[in-house]
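Reader: I'd like to learn how to read a fold feature by feature. Could you walk me through one?

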Amino acid sequence: MRYKLLTAAAMSLVLMTTGCSMMERLVYHPDINQGNYLTANDVAKIKKGMTQQQVAYTLGSPMLTDPFGTQTWYYVFRQELGHDPVTQETLTLTFDNSGVLTDIKNEKNLAAQKAMEDKLAQQAQNKE
């Protein structure tokens, strides 16, 4: 009887010290998407020389604009898929004083972005 009680106490102690870390993968974590979701096709439509109105029509309004007077727009997209680490993509567009696009910085390669879109589409098909 004493042996069973000691075994149960030891097992309880082990489970309490590990907390919920063992069960974390079993708990459902919803996918969290935040910001401007831009496809590779959307980004490919943007060319230097476009006006701010043309860019806004193509991509929608930016997530952030530079508050210090420079004409810089930021399209930010953060994604957390379940238990996977958070990924962030940032598209930075810089305009001159007359509102013409002069620089495009895409912090995620379009090929890599296309691969991610294909992966998400495949996951959606597998769920069906």
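Author: Let's begin with strands. Two strands pair if DSSP finds at least two bridges between them. Helices (H or I, at least four residues) and strands (E, at least two) are DSSP runs, numbered from the N terminus. A case here: Thr94 has Asp103 in β5 as its bridge partner.

Reader: Before we go on, what kind of model is this, and how are residues numbered?

Author: It's a predicted model, where local features need pLDDT of at least 70, side-chain atom pairs count only at pLDDT 80 or more, and totals for chains, interfaces and linings use all residues. Residues are numbered from 1 along each chain as its sequence is written, and side-chain values use heavy atoms, with hydrogens and water left out.

Reader: Okay, which strands pair with β4, and over how many bridges?

Author: On one side of the story, β4 (residues 87-95) pairs with β3 (residues 71-80) in the antiparallel sense over nine bridges. Val76 has Thr90 as its bridge partner in β4, and Tyr74 has Thr92. β4 also pairs with β5 (residues 101-106), again antiparallel, over five bridges.

Reader: And what else does β3 pair with?

Author: β1 is joined to β3 by four bridges, running antiparallel; Gly35 has Phe77 as its bridge partner there. Strand β2 (residues 64-65) is joined to β3 by two bridges, also antiparallel, with Thr65 opposite Trp73.

Reader: Which residues take a positive phi in the hairpins?

Author: Glycines, in these cases. The hairpin of β2 and β3 has five residues between the strands, and Gly69 takes a positive phi near 95°. Between β3 and β4 there are six residues, with Gly82 near 55°. The β4 and β5 hairpin has five, with Gly99 near 85°.

Reader: Now the inside. How do I read a nonpolar core?

Author: The general idea is that in soluble globular proteins, nonpolar side chains tend to be buried together. A nonpolar core is a set of buried Ala, Val, Leu, Ile, Met, Phe, Trp, Tyr and Cys residues joined through side-chain atoms within 4.5 Å. Buried means under 20% relative accessible area, exposed over 50%, and partly exposed in between (1.4 Å probe, protein chains only). In this model, the largest core has 12 residues: Leu38, Val43, Ile46, Met50, Val55, Leu59, Trp73, Tyr75, Leu91, Leu93, Phe95 and Leu101. Two or more residues come from each of α3 (52-59), β3 and β4, and β4 gives the most, with three.

Reader: What does Trp73 touch?

Author: Contact means heavy atoms within 4.5 Å. Leaving out residues up to four places away in sequence, Trp73 touches Gln52, Val55, Ala56, Pro62, Leu64, Thr65, Leu91, Thr92, Leu93 and Phe95.

Reader: Gln52 is on that list. Is Gln52 buried or exposed?

Author: Gln52 is buried, because its relative accessible area is 18%.

Reader: Then how do I read the sides of a helix?

Author: An α-helix has 3.6 residues a turn, so residues three or four places apart point the same way. In α3, Gln52, Val55 and Leu59 are buried. They cover an arc of only 65° around the axis, which puts them on the same side of α3; the arc is that of the directions from the helix axis to the C-beta atoms. On the other side, Gln53 and Tyr57 are exposed. The buried residues of α3 pack against α2, β3, β4 and β5. Just after α3, Gly60 takes a positive phi of about 90°.

Reader: Last one: how many aromatic pairs are there?

Author: Rings of Phe, Tyr and Trp (its six-membered ring) pair if their centres lie within 6.5 Å; planes under 30 degrees apart count as stacked, over 60 as edge-to-face and the rest as tilted. Searching the whole structure gives two pairs. In one of them, the rings of Tyr37 and Phe77 have centres 5.1 Å apart and planes at 65°, so that pair is edge-to-face. Tyr37 lies in the loop between β1 (32-35) and α2 (40-44) and Phe77 in β3, so the pair ties together parts 40 residues apart in sequence. Tyr37 is partly exposed at 40% relative accessibility, whereas Phe77 is buried at 5%.
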